[in-house]
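Here is a short briefing to read alongside the model. Have the viewer open and follow the residue numbers as you go.

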Amino acid sequence: MQRKLSILFMCMSFVQFLFAQGITQTPYSQFGYGDVETLVNARMVGTGGAGLASALPYQINFKNPAMAAYNRQFVIFEGGFYGQNLRLSTANGNQRILNGNIQYLSLLIPLSQKNWTVIAGIAPYSNANTRYRTEAKIDGLISSTNEMVDSGYVFNSRFLEGGLNQVFITNAIKLPKGFSVGLQTSFILGTITRRNNGLLQNIQGGQLEIVNTTTQIKSSEIYRFLEFKPSIGYIRKLNEKNQIGFGATATFNRAMSARRELITNILSRSNGFSIYSDTVSQTKSDAVLPSEYSFGSTFTRFNKFNASIDYTYIDYSRYKSFAPVNIFTTGHKLNAGLEYVPRYDAIRGYLKRIAYRFGGYYYIMPYSINGTSINEYAATFGLGLPIGKSSGIGMLNLAFSLGQRGTTENNLVRENYFRFFVGLNINDKWFRKYKVD
């Protein structure tokens, strides 16, 4: 058993290298185990991230595992990429960042045409990537010659990099009377590295004293755990043209074993060589991850119109990790959006077959920093471009979001972002016996 787990985590290390954790460069990723990613495809991004109760035969619903039970006709492959133009603003200035990353790779297979569907995939779970510098003036310093100096500055450069990735397997079962259940099992692995470089510079007689060494403290937090996401779905057909759906998912407070290595290193600024290095501690901790509960509803007019609304409650109040300061509380997120297709089976007029999507979301994040709540909101737009004629062999999904997170009040950072998403969906019939050859 131990050997099998070792092989699994070796594969997960390859996944960690594949995704490269490059999308997030936000100061808010320094809290907890990074900026947590919501696993949704470009189609759902276009509808504001809403669609927990949406069931479409040609699209995968990553948000609610139970809805995969309605994908019983086609094998579906989906892959996605996203990027962003991010502007960070403080009371003293701003900075612009461009970056991108793979969003997910997945494969859906209906093992039974009646009731059983399986999804396997890989995706980022959280991202931690930011760097910033602080400085503080202090008086009454003692120089290297034991003389009193006028004043000095302490410079701290902090770096955060890494994150967590996941390999997930979803099983969905269709039950009688419109119900379905699902379970997503995720194998999660990753390392978050924090570095703090401290530099002291003295000023004596108005002259800056040369300092040749920098103290570096490096902390590596290593996470390995399983996450289970049970879900339920319900679809009720109202008449020949309309139906309504409901869905719910949950991830519960769960304990896991995490390990941290703390290393102190003194570097020479002149040549970059290490003067002194020591592993201060290697500790293990039973971290407690947050719980999350989501509920959603979708109204569908077949092959024409979808309107969805979702609500998510995030409970970080019991979160526990290596961080000495707990800034976490509870969070709330509301997503809403709609999708419209003028005429899905139009023989002429490609624009009539395109899916047009609109939406938005508002997120009260589970952070309270300097007594200030951190909020995020965005407007979204998307297009579903069919590939091939009629129902086609797939769809190219494009989505765009324009939003804001945080505030410049109380020495905090405001983020204004423009994000774009590209997703490719390809479907085909496998394991189907032909009645006529």
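Among contacts in the protein chain (heavy atoms within 4.5 Å) between residues at least 6 apart in sequence, 66% join residues at least 24 apart. The secondary structure comes to two helices and 19 strands, where helices (H or I, at least four residues) and strands (E, at least two) are DSSP runs numbered from the N terminus. Please keep in mind that this is a predicted model, in which local features need pLDDT of at least 70 and side-chain atom pairs count only at pLDDT 80 or more, while totals for chains, interfaces and linings use all residues. Residues are numbered from 1 along each chain as its sequence is written, and side-chain values use heavy atoms, with hydrogens and water left out.

**Burial and surface**

- Of the 437 residues of the protein chain, 49% count as buried; buried means under 20% relative accessible area, exposed over 50%, and partly exposed in between (1.4 Å probe, protein chains only).
- The protein chain exposes about 22,300 Å², and carbon and sulfur atoms supply 57% of that area; accessible areas come from the Shrake-Rupley method with a 1.4 Å probe, and for residues only the protein chains shown count as cover.
- L111, W116, I173, L175, F179, V181 and I232 make a nonpolar surface patch of about 540 Å². Patches are made of residues with over 30% relative accessible area and no salt bridge, with like charges joined within 9 Å and nonpolar side chains (Val, Leu, Ile, Met, Phe, Trp, Tyr) within 5 Å.
- One of the patch residues, I173, is found in strand β6 (residues 151-174). I173 has a relative accessible area of 30% and is therefore partly exposed.

**Nonpolar cores**

- The largest nonpolar core has 33 residues, of which Y28, Y33, Y223, F225, Y367 and I369 touch the most other members. A nonpolar core is a set of buried Ala, Val, Leu, Ile, Met, Phe, Trp, Tyr and Cys residues joined through side-chain atoms within 4.5 Å.
- At least two residues of this core come from each of β2 (75-89), β6, β7 (179-204), β9 (213-237), β11 (254-268), β12 (274-289), β16 (355-369) and β17 (372-387).
- With five residues, β16 gives the most to this core.
- Another core, of 13 residues, lies apart from it and includes L39, A68, I76 and A123.

**Salt bridges**

- The count comes to eight salt bridges, each a side-chain nitrogen of Lys or Arg within 4 Å of a carboxyl oxygen of Asp or Glu.
- R43 forms a salt bridge with E339, and their closest N and O atoms are 3.5 Å apart. R43 lies in helix α2 (residues 42-46) and E339 in strand β15 (residues 330-340), so this pair ties together parts that are 296 residues apart in sequence. Both R43 and E339 are buried.
- E339 also meets R357 in a salt bridge (2.6 Å, N to O). This pair links distant parts of the chain, with E339 in strand β15 and R357 in strand β16, 18 residues apart. Both E339 and R357 are buried.
- E221 and R194 form a salt bridge whose closest N and O atoms are 2.9 Å apart. Because E221 lies in strand β9 and R194 in strand β7, the pair ties together parts that are 27 residues apart in sequence.
- E221 is buried, at a relative accessible area of 5%, whereas R194 counts as partly exposed at 22%.
- D35, R405 and E415 are linked in a network of salt bridges.

**Aromatic pairs**

- The structure holds 13 aromatic pairs. Rings of Phe, Tyr and Trp (its six-membered ring) pair if their centres lie within 6.5 Å; planes under 30 degrees apart count as stacked, over 60 as edge-to-face and the rest as tilted.
- The rings of F400 and F418 are stacked, because their centres are 6.2 Å apart and their planes are at 15 degrees. F400 lies in strand β18 (residues 394-406) and F418 in strand β19 (residues 414-428), so the pair ties together parts that are 18 residues apart in sequence.
- F400 counts as partly exposed at 29% relative accessibility, and F418 counts as partly exposed at 36%.
- F62, Y104 and F168 form one aromatic cluster.

**Around Y313**

- Y313 is found in strand β14 (residues 305-315) and is partly exposed, with a relative accessible area of 25%.
- Leaving aside neighbours within four places in sequence, Y313 is in contact with S291, E292, Y293, T330, G331 and H332.
- The C-alpha atoms of Y313 and S294 are separated by 6.4 Å, and the two residues are 19 apart along the chain.
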